[in-house]
Amino acid sequence: MLGSQGFIDSLEFLATLLEEELTMPLSSLLDPNNSKQIYTSLLPDAQLGILIDGSWISQNWTETAGRPWPEWPDVVGLADMPT
């Protein structure tokens, strides 16, 4: 819920990631093609430690996707995050 402690904590977590430079460079984060790089190389090649995204990301690794990744269910962990 907007304004809940969980929501506030989530925003503070994101702020910490940015302040401590634990993310990609801002230029990469703002690149409109960044998601393609994340889904087709960074995650499958174990070059990214955490991705905050939606439950739909697995569609990027199906047999007909740009980069099939059948091992993803054994490699990617999912966690709920307050919205």
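Where does Ala46 lie? Ala46 sits in the loop between α3 and α4. The model is predicted.

**Aromatic pairs and cluster**

- A search of the whole structure turns up three aromatic pairs.
- One of them joins Trp61 and Trp69. This pair is edge-to-face, with 4.9 Å centre to centre and 90° between the planes.
- Trp61 and Trp69 are both buried. Trp61 counts as buried because its relative accessibility is 3%, and the cut-off for buried is under 20%.
- Trp61 also pairs with Trp72. Here the geometry is tilted: 5.6 Å centre to centre and 45° between the planes.
- The Trp61–Trp72 pair links distant parts of the chain. Trp61 belongs to the loop between α3 (34–42) and α4 (72–75), while Trp72 is in helix α4. The two residues are 11 residues apart.
- One aromatic cluster is formed by Tyr39, Trp61, Trp69 and Trp72.

- Most residues other than glycine have a negative phi.
- Glu21 is not a glycine, yet it has a positive phi of about 55°. Glu21 is located in the loop between α1 (5–19) and α2 (26–29).
- Glu21 counts as exposed because its relative accessibility is 68%, and exposed means over 50%.
- Ala46 is not a glycine either, and its phi is positive, at about 55°.
- Ala46 is exposed, with a relative accessible area of 66%.

Note on methods. Residues are numbered from 1 along each chain as its sequence is written. This is a predicted model: local features need pLDDT of at least 70, side-chain atom pairs count only at pLDDT 80 or more; totals for chains, interfaces and linings use all residues. Side-chain values use heavy atoms; hydrogens and water are left out. Rings of Phe, Tyr and Trp (its six-membered ring) pair if their centres lie within 6.5 Å; planes under 30 degrees apart count as stacked, over 60 as edge-to-face and the rest as tilted. Buried means under 20% relative accessible area, exposed over 50%, partly exposed in between (1.4 Å probe, protein chains only). Helices (H or I, at least four residues) and strands (E, at least two) are DSSP runs, numbered from the N terminus.
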